[in-house]
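Please look over the model below before reading on. My notes follow as numbered points, on the sheets and then on the helix packing.

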Amino acid sequence: MKIEQLYTGCLAQGAYYIESEGEVAIIDPLREIQQYIDKAKDSNAKIKYILETHFHADFVSGHVDLAKETGATIVFGPGATTEYDIHTAKDGEELKLGNVTIKVLHTPGHTLESATYLLIDEDGKDHAIFSGDTLFLGDVGRPDLAIKSDLTKEDLAAMLFDSLRNKIMPLADDVIVYPAHGAGSACGKNLSKETVGVLGEQKKTNYALREDMTKAEFVKEVLDGIAPPPQYFAKNAMMNKMGYDAFDTVLKTGNVALNPEAFEAMANHESALVLDVRTQADFIKGHIPNSIFIGLNGGFAPWVGALIKDIKQPIVLVVPEGKSEEAVTRLSRVGYDNTLGYLEGGLEAWKKAGKDVETLDSISAEELAKRANENSVNILDVRKDGEYLSSHIVDAQHLSLDYINEKMSEVSKDKTYYVHCAGGYRSVIAASILKARGYDKLIDVAGGFGAIQNTDLKTTDFVCPTTL
């Protein structure tokens, strides 16, 4: 048999390709499905099953399109209902794939229909689990994402405790764990950067699998410190449940070159958001007025989902040359399917057409320290809560980028702010959003807190984030 993890760093998401004797199962596929079709074709194999571990909230799965293209059966765990044809598996049901068997373990808790797929090899030995968001390396799935459920997060956490103890922990220590996510995903609190592990190691090191842990302790610890889910999660989950437009259609309508006049008309008359996905350095040097920066070279899709509230928002793109298809694709991964085109020729074409261009002031951390030593300055820290609490510039104002749309009133339009994050990506996102809302006294701090720590600016004592 063949097992391949197909990991997408931007989403911190793992899809899986399993092949045995010419038959293939794909687990938790991404929206762009051609990669799976090509992989099976190269092996002269046929995709038989599309196994979904649950209704994903953090990305739009490719299961619907992949089933249409290949005739494969979409499989969900017990209790799942959809607007398209699926096979709703029973707990303990076995699916044959060539010479191997995939056993469905119903593991509710993250969501009600969550399933873990146990791969049993040709010799009948338990080989691996594909645990979805039930079990991560170092963590477990958040229990607050059930769609239209009257169950509380405490109820779901209690279910997760039972699922882990009754279905997963009894398995042998040498069983391989293939989770749906790694570090960077908002589906858990403190996921490991590793993307493959073994169950025995998790039993020893994962706080949620302690042998002496009571259900009450589990519920408390799993829920402690869990941040509210990003606003797009529920919308993606519903798309995965109800269905969506074909990815090829989204790409065809979104990957359209627009000259500056057509681009401007889209922004003005179609109320399209101008989304600049170039590097932060390029945005700082020059950008279209009122455009929002979220660069492809960072956590692009999750930040789009967190910050653009309307998933149906019309979008026009400013992209690096040759990156328009990638941008449309990555937007579609989180359900933003209403891209109307991109600026042909980029910002240079915009300038040549005589259109207005703005810049963003940016200084080094050393220059910030110099100015702060000479005069009182207003520093705006846009890192996450845990990063700020771990260590920050004394007297800095904190406004996490995650909540900038809700808490923008805490920033004064009359003050000049020096904006920083950890490295320089998020601060430019924050500055672009504030600028588009009329805040024009903003200065980006290049290099962020990483560079600030090398200056004489006074910071609070470091506190390990895992203790917060």
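**Notes on sheets and helix packing**

1. Helices (H or I, at least four residues) and strands (E, at least two) are DSSP runs, numbered from the N terminus. Two strands pair if DSSP finds at least two bridges between them.

2. A word on the basis. This is a predicted model: local features need pLDDT of at least 70, side-chain atom pairs count only at pLDDT 80 or more, and totals for chains, interfaces and linings use all residues. Residues are numbered from 1 along each chain as its sequence is written, and side-chain values use heavy atoms, with hydrogens and water left out.

3. Val 75 has His 87 in E6 as its bridge partner.

4. Axes here are lines fitted to C-alpha atoms, for helices over the stretch in contact, and angles run from 0 to 180 degrees between N-to-C directions.

5. Another open sheet has six strands, ordered E7-E8-E9-E10-E11-E12, and its pairing is also mixed. Strands E7 (94-97) and E12 (197-198) stand at the edges with a single partner strand each, so one side of each has no neighbour in the sheet. Inside the order, E9 (residues 115-120) and E10 (residues 126-132) run antiparallel, joined by four bridges. Tyr 117 stands opposite Phe 130 in E10.

6. Four bridges join E19 (residues 378-381) to E21 (residues 417-420), and the two run parallel. Asn 378 stands opposite Tyr 417 in E21. E19 also runs parallel to E20 (residues 397-398), with two bridges. There, Leu 380 has Gln 397 as its bridge partner. From E19 the chain crosses through helix H14 (residues 385-390) to E20, a right-handed β-α-β crossover. Right-handed means that, with the strands pointing away from the viewer, the path from the first strand over the helix to the second runs clockwise.

7. Which helices does H10 pack against? One is H16. H10 (residues 300-307) and H16 (residues 425-436) pack at about 30°, with axes 13 Å apart. That makes H10 roughly parallel to H16 (angles under 35 degrees count as roughly parallel, over 145 as roughly antiparallel, 65 to 115 as roughly perpendicular and the rest as oblique). The crossing is right-handed (the near helix is turned clockwise from the far one by less than a right angle).

8. In that contact (heavy atoms within 4.5 Å), Phe 300, Trp 303 and Leu 307 of H10 meet Tyr 425, Arg 426, Ile 429 and Ile 433 of H16. By class, the contact of H10 with H16 has six nonpolar, no polar and one charged residues. Ala, Val, Leu, Ile, Met, Phe, Trp, Tyr, Cys and Pro count as nonpolar, Asp, Glu, Lys and Arg as charged, and the others, Gly among them, as polar.

9. H10 also meets H11 (residues 324-333): their axes come within 9 Å and cross at roughly 55°. H10 and H11 are therefore oblique to each other. Their crossing is right-handed. Phe 300, Ala 301 and Val 304 of H10 make the contact with Ala 327, Arg 330 and Leu 331 of H11. By class, that contact has five nonpolar, no polar and one charged residues.
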